[in-house]
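Please study the model shown here before reading on. The paragraphs below are meant to be read beside it.

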Amino acid sequence: MKLLVIRHGESEADILDVHEGRADFELTERGHRQADAMSEYVSQNHQIAKIYHSPLKRAVQTANHLASKTQSPLIPDEYLMEFNNGLIAGLKHSVADEKYPKVNVPVHMSVYEQESMLAFRYRAEYMISKIISENDNDSTVAAITHGGMINQLYKAFFGLPVGAPFVFLTGDTGIHEWIINGNSRILVRANYIPHNI
């Protein structure tokens with residue numbers, strides 16, 4: 001099967017320079033244009049069977065653009081939500097840095113009412129397993145989610161350790177194209193943005 005993992009478009013948090021995470025901001029006008037352009041590209045190049053998406057507004061709005069172009073059913077799933085960043089959600093970066101300085105903790109622990117990195121990774125493992133089990137080998141599906149979750153999905157996809165120090169960058173509406181063939185994992189494209197808006 002083919003899986004397109006796609007980040008949402010530009011959100012209001014990007015303009016306000018605040019920590020987003022679980023803060024539920026909407027897309028900007030530019031974000032809507034990005035989502036529309038991404039959807040046009042995907043609809044012209046792929047037959048999408050289903051669209052899994054995070055229920056946070058910025059992902060829902062991006063998924064709605066894709067559904068309007070592909071006529072594919074939408075499947076919201078809380079496991080695709082961004083990292084639960086607890087008390088820093090919605091705070092200016094400078095304020096968060098002062099009130100809640102970075103603390104290194106083991107992967108099973110957390111601070112500031114956040115989820116642990118282990119719990120975050122579990123959600124990605126769950127979604128990869130769910131998507132594979134719910135779709136046949138010939139189908140193409142999309143998952144609209146967030147930058148942090150895309151990192152976790154990469155680590156789950158490639159079986160990397162929870163604490164692996166790798167970062168997979170994703171721009172607004174960046175497309176990651178993966179093929180899953182039994183136990184084979186193939187990366188076709190990473191952070192592909194043919195719609196530079």
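The model is predicted: local features need pLDDT of at least 70 and side-chain atom pairs count only at pLDDT 80 or more, while totals for chains, interfaces and linings use all residues. Residues are numbered from 1 along each chain as its sequence is written, and side-chain values use heavy atoms, with hydrogens and water left out.

Strand β1 spans residues 2-7; strands (E, at least two residues) and helices (H or I, at least four) are DSSP runs, numbered from the N terminus. Five of the six residues in β1 are buried, meaning under 20% relative accessible area with a 1.4 Å probe, protein chains only. Two strands pair if DSSP finds at least two bridges between them. β1 runs parallel to β4 (residues 140-145), to which six bridges join it, and isoleucine 6 stands opposite isoleucine 144 in β4.

The largest pocket holds about 1,200 Å³ of space. A pocket is an open set of points on a 1 Å grid over the protein atoms alone, where a 1.4 Å probe fits, with protein on both sides within 12 Å along at least five of seven lines; lining residues have an atom within 4 Å of a point. The volume is the space filled by probe spheres set on the points. The lining of the largest pocket comprises 45 residues, and Phe83, Ile88, Lys102, Gln114 and Met117 lie nearest its centre. Among the elements giving two or more residues to this lining are α4 (93-99) and α5 (117-134), while α6 gives the most, with five.

Definitions and conventions: Buried < 20%, exposed > 50% of the residue type's maximum accessible area, 1.4 Å probe, protein only.
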